[in-house]
Amino acid sequence: MSVRDASEQSAMEKVENFVKGRYQPGKSESEFRVYDAHAKPGVAEFYRLNHENQTLDYVLRKEEQYFGLKRGKKTVWEAADYLNTLVDDSDPDTDLSQLEHLLQTAEAIRRDGHPRWMILVGFLHDLGKCLCLYGEPQWGVVGDTFPVGCAWSEKVVFPEFFAKNPDARAPHYQTKWGIYDPGCGLENVHMSFGHDGYIAEVVKKHLRDEALYMLRFHSFYAWHKHGAYEHLQNDKDRAMLPWVQKFSSYDLYSKGHTKPNVAELKPFYDELFAEFLPEKLDW
Ligand SMILES: [Fe+2]
Ligand SMILES: [Fe+2]
């Protein structure tokens, strides 16, 4: 099993901790900026690479490479075990494994009495991070996402790093709507490539729109947290937005101190997967 080296794995953890810190409840827009300015060098470097390399052309190539789902079949548990080989070098007693984060998110949703399909989203939402194990760079897997092929919003984290993206010199990508029509709907927009879009593709034949929006757009903070890209939204996006926001709070704040007991929870999740999904999914 391919496991990435420890220094690279902790880059992912650093970025995720940064995102969680950035979106603590009650922070104002100006506080986001102050927080970003104090980001650890590793985090800023991560977003520099992300913003410089996520061009429309790059995204189209990655969609072509992965959205055909030709990497074989796996059950949800197999996918989760596979993702769990992405281990971190930090203290194993205080940090959650990938599987534990998925279970904790799902369990928090379950505890609050939300529908079963939303509990399932909690479990599935980060499984697309297996892209790292396929050899994709971390900047192409995690972190905030944003539309490509049109002008970047100032509300995307570290907007200054877009200056060196080659699309900055393509005037037809730099208008407000770029290659899109006004109000075309976010489902028709190419998002920067990452784990969100990939997992949504894996399950899109099986889950309702609300679930797919939560999966596809959970890292699109500029939209669901800052209200940017309104000009690309359609009525469906506006109807789905509250669901994405509801999900986001569980993703960000469900970290607790008790580790979920996988063996104890397994029967519930076996039944949940069987209710909505075929035994094996195409990845
Ligand atoms: Fe995620
Ligand atoms: Fe997550």
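Reply: Asp 126 bridges the iron ion (ligand 2) and the iron ion (ligand 1), and the two ions lie 3.8 Å apart. This is a predicted model, in which local features need pLDDT of at least 70 and side-chain atom pairs count only at pLDDT 80 or more, while totals for chains, interfaces and linings use all residues. Residues are numbered from 1 along each chain as its sequence is written, chains are lettered from A and ligands numbered from 1 in the order in which they are written, and side-chain values use heavy atoms, with hydrogens and water left out.

Start with the iron ion (ligand 2). His 101 (NE2), His 125 (NE2), Asp 126 (OD) and Asp 251 (OD) coordinate it at 2.2 Å. Donors here are N, O and S atoms within 2.8 Å of the metal (3.2 Å for Na, K and Ca); water is not among the atoms, so sites may look incomplete. The four donor atoms subtend angles of 86 to 175° around the iron ion (ligand 2), which makes the arrangement irregular. Four donors count as tetrahedral if all angles lie between 85 and 135 degrees; four count as square planar and six as octahedral if opposite donors are over 155 degrees apart and all others between 65 and 115; anything else is irregular.

Along the sequence, the donor residues of the iron ion (ligand 2) follow the spacing H-x23-H-D-x124-D. His 101 sits in helix α6 (residues 98-111) and Asp 251 in helix α11 (residues 235-253), so this pair ties together parts that are 150 residues apart in sequence. Helices (H or I, at least four residues) and strands (E, at least two) are DSSP runs, numbered from the N terminus. His 101 is buried, with a relative accessible area of 7%. Asp 251 also counts as buried, at 8% relative accessibility. Buried means under 20% relative accessible area, exposed over 50%, and partly exposed in between (1.4 Å probe, protein chains only).

Now the iron ion (ligand 1). Its protein donors are Asp 126 (OD), His 195 (NE2) and His 218 (NE2), lying 2.0 to 2.2 Å from it. Their spacing in sequence is D-x68-H-x22-H. His 195 lies in helix α8 (residues 195-203), and His 218 in the loop between α9 (209-217) and α10 (221-224), so the pair ties together parts that are 23 residues apart in sequence. Both His 195 and His 218 are buried.

Next, the helix packing. α6 and α11 pack at an angle of about 130°, with their axes 9 Å apart. Axes are lines fitted to C-alpha atoms, for helices over the stretch in contact, and angles run from 0 to 180 degrees between N-to-C directions. That angle makes α6 oblique to α11. Angles under 35 degrees count as roughly parallel, over 145 as roughly antiparallel, 65 to 115 as roughly perpendicular and the rest as oblique. In α6, His 101, Thr 105, Ala 108 and Ile 109 make the contact; in α11, Phe 247, Tyr 250 and Asp 251 do. Contact means heavy atoms within 4.5 Å.

Helix α7 (residues 116-124) packs with α11 at an angle of about 55°, with their axes 11 Å apart. That makes α7 oblique to α11. α6 and α7 pack at about 160°, with their axes 7 Å apart. That makes α6 roughly antiparallel to α7.
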